[in-house]
Amino acid sequence: MKKSMAPLLLGGALPWLAAAALAQEALADPAPVRTKSLGIVTVSGGQPSSLPTQIPTTIEGVTREEIETRINATDSEDALKYLPSLLVRKRYIGDYNHAILSTRASGTGNSARSAVYADGILLSNYLGNGIANGTNYAPRWGLVTPEEIERVDVMYGPFSANYPGNSAGAVVDYVTRMPTRLEAHVAAGYSSQPNELYGARRTFNGWQTSASLGSKSGDWSWWLNVNRTDSQGQPLTFTTVPVAAGTRGAAGKPVSGALAGLNTTNTPWYILGSGTQYHTLQDHAKLKLAYDITATLRASYTLGWWQNSAEGRPTSFLAGPDGQPVYGGPVNIQGRIYTLAPTAFPLTNDEQTHVMHGLSLKSRTQGPFDWELAASLYDYAHDRQRAPTVALPQAATGGPGTLQSQDGTGWNTLAAKGTWRPQGLQGAHIVDFGLGRDAYKLGIDKVNVLGAWIDGPGNPQAPVSDVGGRSGTTYLWAQDAWRLAPRWKAVLGLRWEDWSAHDGFTRTAGSRQAYARRSESHFSPKAALAYQWRSDTVLKASLGRAVRFPTVGELYGATSGGALSFINDPNLRPEKSWTGELSAERDLGSGLARATLFAETTRDALYSQLVPGTATSRVQNVDEVRTLGLELAYSGQPVWLRGLDLGGSLTYADSKIIANGANPASVGKWQPRVPLWRATGYATWEPDDRWAFTVAARYSGRQYSTLDNSDANGFAYMGASRYFTVDLRARLRLTRQLTAALGIDNANNYQYWNFHPYPQRTYTASLRWNL
């Protein structure tokens, strides 16, 4: 089937089940679709979505069929793997705390510069930014499983007034399945990663199982999905000491096994062991209900439940004269004395239960006026992390430790939207508008434990740190898609946001600091213009302002203790970005090609960085960051021969720090974790209706993790390296209902880093049954 000018956007049973399915086919409701003319994507249909009806800029996407055919998808974020200019920092299957999205001009340390939604429900975690405060702020990918996905759309840049300033990088919109007839699905998957790093060899395996059931009967539709993931990840952290930190002498326990190497600044160090080797067990359940109150009015409710139990464990490379592992105390390595803290090889036990609710009421008349009311709630119902403060081997069975709780943390959203199609103007105007409020509450309480760290109660009389606060944004927005002439169309928008932060505090064992209320208001204009130059070519220009307000974690989240500490700043300024792009899109008959020139200037950019020579990070405003780039994208089917689909992208981004009074050494240096070059490509061949073979590749050039680019060695722990990986997948339809797939991710076994090591060659196998 020939694609539209919006690539990739459209996306033996039991006898009584089969009969019921056939009987309900007549009740099928047409699924929501994306159509495109004059470079403006129009959304129609009744299924919940975060997208406005008129999308004025670059959009890419992937459908359920494409995911199943070409992607070894074990987590929902894998759907984005081969889209232009995107990278999710996923370190292992089920990565729940570091899988941050990187976009054209934003790195993997800036989770608050992209917006991720599922069925209109916010999954992005704007309680903080990146990794800080002894916690994480990655999107809540675990609330969507690959089996649920109907399609994923990505809008690049802050060009729609419907979205907050966090959309400066991209808006990712997952639409999950809502059956129009009886459906049932069962899937099972297995993965295996033979891993070798720093002389240690081990294989890490994982299992996933999933089941879904749904139907439509009369005015009711429903969908239920359950999923379990049991995953072992490779070690993510490493215990190190600089060689020069040791004093020469004969004291300390003589040990062997330390590995000599170079750190990110090419300074000699010893690698003493590995840590944070996660065994994670996750359960997910999703219930979706929809009721058609009338033929043009639908009520929808979503309940999501996610539970995680994860153990992070270390391994010491050090062995004493008796051959037993050494975990702490004075040690002697080749004539130098080092003193290892009790937490040099840390252990952690995480227990989390998060609950998500979403409710919407949406009209779909396609007449002069449509409207929608939507509300959502994300609740950290139970969120605890335990860690010992005593060294192994005692820590394996007990001893003192700490308990960190984030119970009650979360956010809620409330929005009202409308679409007005003035009559008598022959469709010259379509006006979208809305108002709403988003509210966030953060609380991170860390105390010492009474009794054993593994199961002892927290002692409120022995605090380590306690931080918290609230923020909220009230907003109004409107945008008008205006057909100026037969070949011209414009989209003009404006967003007003009134932000406040309050009830902020930080407390340690010896002090408590409360912070005054803050508030600011800002306008963000948006504009886009599309011109149908030729019958097969569209030219577009877009410009938008985005204001990204400081998160509660950045303002108030000072923490201490453990492996890392964080210094907050209650006086941070919001970052303000102007982003623009010029695009040309051409229909090549069997394919689609796009070239986009993009530019972004951000003032007061918010960054968290390690203080040199310490394990403490602090957040700061960077005066100005400027990015200029070019993105090329192509997708085609079939190409050259029957059943061959090709796609790929190439991105160039010159992203530099222009001014930074707080750190003059960073001026003129590359923005952290935004590579100069990156590319994706895939080829899928379907010789018949049963077989599909895919080879895909991803490339990223040199990156830096520090503002001053002092981390010259990217191929080391805490470095950010270039990479080139090749993925393979073969899918076979065994019967009409049964499908099997075999895959290899990182088939060339490239060893690469983004602070932590990425997975090495990983083998996958899956079996799926569909009613």
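Author: Two strands pair if DSSP finds at least two bridges between them, a strand being a DSSP run of E with at least two residues, numbered from the N terminus. The model is predicted, so local features need pLDDT of at least 70 and side-chain atom pairs count only at pLDDT 80 or more, while totals for chains, interfaces and linings use all residues. Residues are numbered from 1 along each chain as its sequence is written, and side-chain values use heavy atoms, with hydrogens and water left out.

The sheet is open and has 5 strands, ordered 4-11-12-7-8, with mixed pairing. At its edges are strand 4 (59-63) and strand 8 (121-122), each of which pairs on one side only. Strand 7 (residues 115-118) and strand 12 (residues 170-176) run parallel and are joined by 4 bridges. Asp-173 in strand 12 has Tyr-117 opposite. In general, strands of a sheet pair through backbone hydrogen bonds, either parallel or antiparallel.

Now the rings. Those of Phe, Tyr and Trp (its six-membered ring) pair if their centres lie within 6.5 Å, and this rule gives 30 aromatic pairs. Such pairs link a cluster of Tyr-126, Tyr-378, Tyr-380, Trp-411 and Tyr-440.

A charge sits over a ring if NZ of Lys or CZ of Arg is within 6 Å of the ring centre and within 35 degrees of the ring normal. Arg-495 lies over the face of Tyr-475, 4.3 Å from the ring centre. Trp-533 has the charged end of Arg-534 over its ring, at 5.7 Å from the centre.

Notes:
Rings of Phe, Tyr and Trp (its six-membered ring) pair if their centres lie within 6.5 Å; planes under 30 degrees apart count as stacked, over 60 as edge-to-face and the rest as tilted.
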